[in-house]
Amino acid sequence: MSSSQDADSDASPLNVWPGTAYPLGATYDGAGTNFSVFSEVATGVDLCLLAKDGSETRVPLDEVDGYVWHAYLPTITPGQRYGFRVHGPFEPERGLRCDPSKLLLDPYGKAFDGRFVNNPSLYTYGLDSLGHTMAGVVINPFFDWGNDRPPNRPYHETVIYEAHVKGMTMTHPDVPPELRGTYAGLAHPAIISHLQKLGVTAIELMPVHQFFHDHVLTDQGLRNYWGYNSIGYLAPHNQYSARPRGDAAVAEFKAMVRAMHAAGIEVILDVVYNHTGEGNHLGPTLSLRGIDNAAYYRLDEADPAHYRDYTGTGNSLNVRHPHTLQLIMDSLRYWILDMHVDGFRFDLAATLARELHDVDRLSAFFDLVHQDPVVSQVKLIAEPWDVGEGGYQVGNFPSLWTEWNGKYRDTVRDYWRGEPATLGEFASRLTGSSDLYESTGRRPGASINFITAHDGFTLRDLVSYNEKHNEANGEDNRDGESHNRSWNCGVEGPTDDPAIETLRARQQRNLLATLILSQGTPMLAHGDEIGRTQLGNNNVYCQDSPLAWMDWSLVNRNADLLAFTQRAIALRTAHPVFRRRRFLIAGPSDSGQREIAWFTPAGTEMTTADWDSGFGKSLAVLLDGDGIVEPGPRGERVTDDSFLLCFNAHDEPIDFALPPVEFGRGWTVALDCSTPTGAADANYEVPARGESTEPATLSVPGRCLLVLRRTDTQPPTLTTHDNEF
């Protein structure tokens, strides 16, 4: 053992035992700590124990089993800071980048302390990075979970709310200033109350794995706000902790999960296993690059000094290597078993399926997930694309997976902004996208429906801007998506024109109602329920500022929009007809009834010509609450009210004929997108359907979704038609 200074925990010479190769990382057992790290390329590995003054004690790891270097130190307890130094070849032209001058983060580190300092030592061979990089922290794994239990909510009963830990809490007036931007702030009763009143059942957190702030950004006074730059897959990001030193972030994160579960809210993590913050060949050496570059990263076979980049970030993890796969799977199990999270959204998930070059749904990663008794049982959500060739894979993931449905987003945006498109495509997205998911044995819940997400315009901006306005990002407005399928309603950006403001508000309600009442699993982006704006910036990844944070003053200013969103979610929650477990049956059931019928505004059932119309902007759909086929959770028959949804994306009012009398005689307004809160206009009456051959009609305002609920008790009989969608 070589020693420059004593470690924090003991001023006497350290007692070093052989320890074990598994589990990897630093594991405290109540008496001491086992340290273990994989490196196939290393010729030697030093464990570095860091003292409070920043000096280190180096402990050579002499025990090696299957390329795993390990030791047990009986005197090392939680709070001890540490890292590794890896000896071995430095031959970048061969993809070998060992450099013992670099203090390296443990890939299995469960907590990190300190911060990265922009210094040449992070980039230059032979310069010692001690003092300029973060350090791992031995954690205390013991936590009182009390009676915590996962909500285990099925997809068809799930409403997801995508949020950012810091952005969600930074301006809330009821969250104490010292808790804003933290896990504790997210667990504050004011935040949880907002989620409960809104009616969401799961919060999907943007990356909380420890991540790296690119120095290209920090040199400009910007930060990697979104966090898609992971450097530690088992550690909660320490800057989101009210006490960022030591291992406090771990307990604080667990307490947040416990509080969410107590409120009936699941916690889903957005995880970035496709690349790391070490970037391309010019990036810093922080962890995996210096431990075993060729094992952990996809190298260019023709030029191993460079990386295969399917992510647009400089590198891609090498999911063909067993230890890289092990790291991913161990990370997933840790967050489930130790941190009690309920699922994951996989960023650029197509990259994880690339074994050679093409995306392969039979890849080793999918095989491991499907056979894992822990990981296979939680929510698994794919962002089903990456930037590589053939990377757009919506609808192509295996049976356990759900997917962000980009086709749903595009179709619904186009419909409400009046773009020519077939109504058949819109109807398919509205009913769960069976064309994408049914053939793989999946159900409507596999379609994670969304209109907006962190990446792109907010809902308010979607109806306020035709063009992106990303000048604040310092890239001359070149970054971000240029084809947004947005419509500014006549004026770019802010306006005092009341007619345009009224139209924008209605368009927001149309999009929200369509999302919430579609079959599948809806996902809202945080702040859309109160009209959050980013002033036209559709790529605020580097904007850690009020531009990207949630402005809680909008709760009062846009109270009507919040009330509308609450009303729409409550309607979905109360009525199983909007949240079906199975795809709607296209033909008659055993009782002769159909579950769904489609009508033109004239009241006739849709024909093939109607479906294929490229200019059609209006249709109605009847959902029969008495025709639900699938049983309830205890095998009981499920019945519900029947609803008629009248969609009018035309700019003028259209008279909709009520369906024939066999479909129902009496109707009332359940949700009206033409009113600020969705409540029925007191002066608006739905005519009763009598025995007359003349159909009763009602006028649906231009650009409006009107939802009617059947009020008479006679169940409709939906007879089959050959032209049914």
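This is a predicted model: local features need pLDDT of at least 70, side-chain atom pairs count only at pLDDT 80 or more; totals for chains, interfaces and linings use all residues.
Of the 28 residues in the lining of the second largest pocket, Arg-153, Pro-154, Tyr-155, Val-378 and Lys-379 lie nearest its centre.

The largest pocket has a volume of about 1,500 Å³. A total of 49 residues line the largest pocket, and Thr-311, Gly-312, Thr-313, Asp-455 and Asn-539 are those nearest its centre. The lining of the largest pocket comprises 18 nonpolar, 20 polar and 11 charged residues. Helices α4 (215-218) and α9 (406-417) each contribute at least two residues to this lining.

Gln-377 is located in the loop between α8 (364-371) and β21 (379-382). With a relative accessibility of 61%, Gln-377 is classed as exposed. The C-alpha atoms of Gln-377 and Leu-400 are 8.9 Å apart in space, and the two residues are 23 residues apart in sequence.

Strands β4 (residues 44-50) and β5 (residues 56-60) run antiparallel and are joined by five bridges. Within this pairing, Asp-46 stands opposite Pro-60 of β5. The two strands form a hairpin with five residues between them, and Gly-54 in the turn has a positive phi of about 95°.

In total, the structure contains 33 salt bridges. One of these is formed by the side chains of Arg-85 and Asp-128, at an N to O distance of 3.1 Å. Arg-85 belongs to strand β8 (residues 81-87) and Asp-128 to the loop between β11 (112-113) and β12 (135-137), so the pair ties together parts that are 43 residues apart in sequence. Arg-85 is buried, its relative accessible area being 0%, whereas Asp-128, at 35% relative accessibility, is partly exposed.

A further salt bridge links the side chains of Arg-345 and Asp-270 (2.9 Å, N to O). Because Arg-345 lies in strand β20 (residues 343-346) and Asp-270 in strand β17 (residues 266-271), this pair ties together parts that are 75 residues apart in sequence. Both Arg-345 and Asp-270 are buried.

The side chains of Glu-419 and Arg-417 also meet in a salt bridge, with an N to O distance of 4.0 Å. Glu-419 is partly exposed, at 36% relative accessibility. Through salt bridges with shared partners, Arg-409, Asp-410, Asp-414, Arg-417, Glu-419 and Arg-485 are joined into one network.

Notes: Residues are numbered from 1 along each chain as its sequence is written. Side-chain values use heavy atoms; hydrogens and water are left out. Helices (H or I, at least four residues) and strands (E, at least two) are DSSP runs, numbered from the N terminus. Buried means under 20% relative accessible area, exposed over 50%, partly exposed in between (1.4 Å probe, protein chains only). On a 1 Å grid over the protein atoms alone, a cavity is a set of points where a 1.4 Å probe fits but cannot get out, and a pocket is an open set with protein on both sides within 12 Å along at least five of seven lines; lining residues have an atom within 4 Å of a point. Grid points are joined across faces, edges and corners, and a volume is the space filled by probe spheres set on the points. Ala, Val, Leu, Ile, Met, Phe, Trp, Tyr, Cys and Pro count as nonpolar, Asp, Glu, Lys and Arg as charged, and the others, Gly among them, as polar. Two strands pair if DSSP finds at least two bridges between them.
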